[in-house]
Amino acid sequence: PRVLCLGLGSKIGPSPDRPVPSNLVHLNLPMNKPRLRVMCVSSAGGHLVQLKLVLPAFNAYEVVLVTTGKNDPEGALGASMYRIPEASRWNPAQSLICAWKLFWLIFRLRPSVVVSTGAAPGFLAIWIGRFLGARTVWLDSVANVKSVSMAGKLAQPHCDLFLTQWPDLANDEDSHCSGAVL
């Protein structure tokens, strides 16, 4: 997988010294689906706040928001909401329940794209979504300045597009810097 880095700057778009290949950011609409369905998955807290900041980018599509946080219809910006249990490496039984619920949701809703900002439920959604044929996008947390998150490292091999918000976290072999988030 390739990493696309969203640099901290004022302009959105490719940088002149490292252009972004169009095949990284273009997600094709499958022929058998009339409208693109985007499933956005995150843990509660900061991951959910960051995911809600990018929800307006998906206004043209059918959006499903899946989170471990409480249902917040106003913050979902019109997206359908589903609540799942929290998952973590410290509670494997709870993680299995979360994985099962995510599998059922992804199998039933058949999203075209699964997007996550992270933590364990996001990794599980990326892994299950990829297994079931969805395109996958990981947006690594803005809080990870020195290294990619552990969940991000686990999710990266299963992502069609891996985005980090810090230029220093991208490498020259398979990463590109473009745009701005903050």
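# A guided tour of the predicted model

Begin by selecting R37, which is partly exposed, with a relative accessible area of 22%. The structure on display is a predicted model, and each stop below names what to select and what is found there.

**Stop 1: the pair R37 and E62**

E62 and R37 form a salt bridge, and their closest N and O atoms are 3.0 Å apart. Because E62 belongs to strand β3 and R37 to strand β2, the pair ties together parts that are 25 residues apart in sequence. E62 is also partly exposed, at a relative accessible area of 27%. Side chains of opposite charge can pair when their charged atoms come close. Across the whole structure, a search finds 3 salt bridges.

**Stop 2: the network around D160**

Next, select R130, R135 and D160, which are linked in a network of salt bridges. Start with R130 and D160, where the closest N and O atoms of the salt bridge are 3.3 Å apart. This pair links distant parts of the chain: R130 is in helix α4 and D160 in the loop between α5 and β7 (161-164), 30 residues apart. Then turn to D160 and R135, whose side chains meet in a salt bridge at 3.3 Å, N to O. Since D160 lies in the loop between α5 and β7 while R135 lies in strand β6, this pair ties together parts that are 25 residues apart in sequence.

Are these residues buried, exposed or partly exposed? R130 counts as partly exposed at 36% relative accessibility, D160 as partly exposed at 23%, and R135 as partly exposed with a relative accessible area of 27%.

**Stop 3: the whole chain**

Zoom out and colour by secondary structure. The protein has 5 helices and 8 strands, and from the N terminus on the elements run β-α-β-α-β-β-α-β-α-β-α-β-β. Of the 182 residues, 47% count as buried. The protein exposes about 9,800 Å², of which carbon and sulfur atoms supply 59%. Among contacts between residues at least 6 apart in sequence, 60% join residues at least 24 apart.

**Stop 4: the nonpolar cores**

Select M39, V41, V66, L102, V114, L124 and W138. Within the largest nonpolar core, which has 25 residues, these touch the most other members. The elements that give two or more residues to this core are β2 (37-42), β3 (62-67), α3, α4 (120-131) and α5. Helix α3 gives the most, with 6 residues. Now select L51, F58, M81 and V115, which are among the 18 residues of a second, separate core. In soluble globular proteins, nonpolar side chains tend to be buried together.

**Stop 5**

Select helix α2 (residues 46-54). Its buried residues are L48, Q50, L51 and K52, and the buried residues of α2 pack against β2, β3 and β5.

Move to T117, in strand β5 (residues 113-118). T117 is buried, with a relative accessible area of 2%. Which residues does T117 contact, leaving aside its neighbours within four places in sequence? They are V41, S42, H47, Q50, L51, W138, L139 and S141. To view the polar approach to T117, show the backbone of H47: its oxygen lies 2.8 Å from a polar atom of the T117 side chain.

**Stop 5**

Select A143, in the loop between β6 (135-139) and α5 (150-155). A143 counts as exposed, at 59% relative accessibility.

**Stop 6**

Most residues other than glycine have a negative phi. R110 is in the loop between α3 and β5 and is partly exposed, with a relative accessible area of 36%. Then select A119, also not a glycine, with a positive phi of about 70 degrees. A119 is in the loop between β5 and α4.

**Stop 7: a nonpolar surface patch**

Finish with W100, W104 and F107. Together they form a nonpolar patch on the surface, with about 370 Å² of accessible area. F107 is placed in helix α3 (residues 92-109) and counts as partly exposed, at 37% relative accessibility.

Methods
Residues are numbered from 1 along each chain as its sequence is written. This is a predicted model: local features need pLDDT of at least 70, side-chain atom pairs count only at pLDDT 80 or more; totals for chains, interfaces and linings use all residues. Side-chain values use heavy atoms; hydrogens and water are left out. Patches are made of residues with over 30% relative accessible area and no salt bridge: like charges are joined within 9 Å, nonpolar side chains (Val, Leu, Ile, Met, Phe, Trp, Tyr) within 5 Å. Accessible areas come from the Shrake-Rupley method with a 1.4 Å probe; for residues, only the protein chains shown count as cover. A salt bridge is a side-chain nitrogen of Lys or Arg within 4 Å of a carboxyl oxygen of Asp or Glu. Helices (H or I, at least four residues) and strands (E, at least two) are DSSP runs, numbered from the N terminus. Buried means under 20% relative accessible area, exposed over 50%, partly exposed in between (1.4 Å probe, protein chains only). A polar contact is a pair of N or O atoms within 3.5 Å; within protein, one must be able to donate a hydrogen and the other to accept it, and residues adjacent in sequence count only if both atoms are side-chain atoms. Contact means heavy atoms within 4.5 Å. A nonpolar core is a set of buried Ala, Val, Leu, Ile, Met, Phe, Trp, Tyr and Cys residues joined through side-chain atoms within 4.5 Å.
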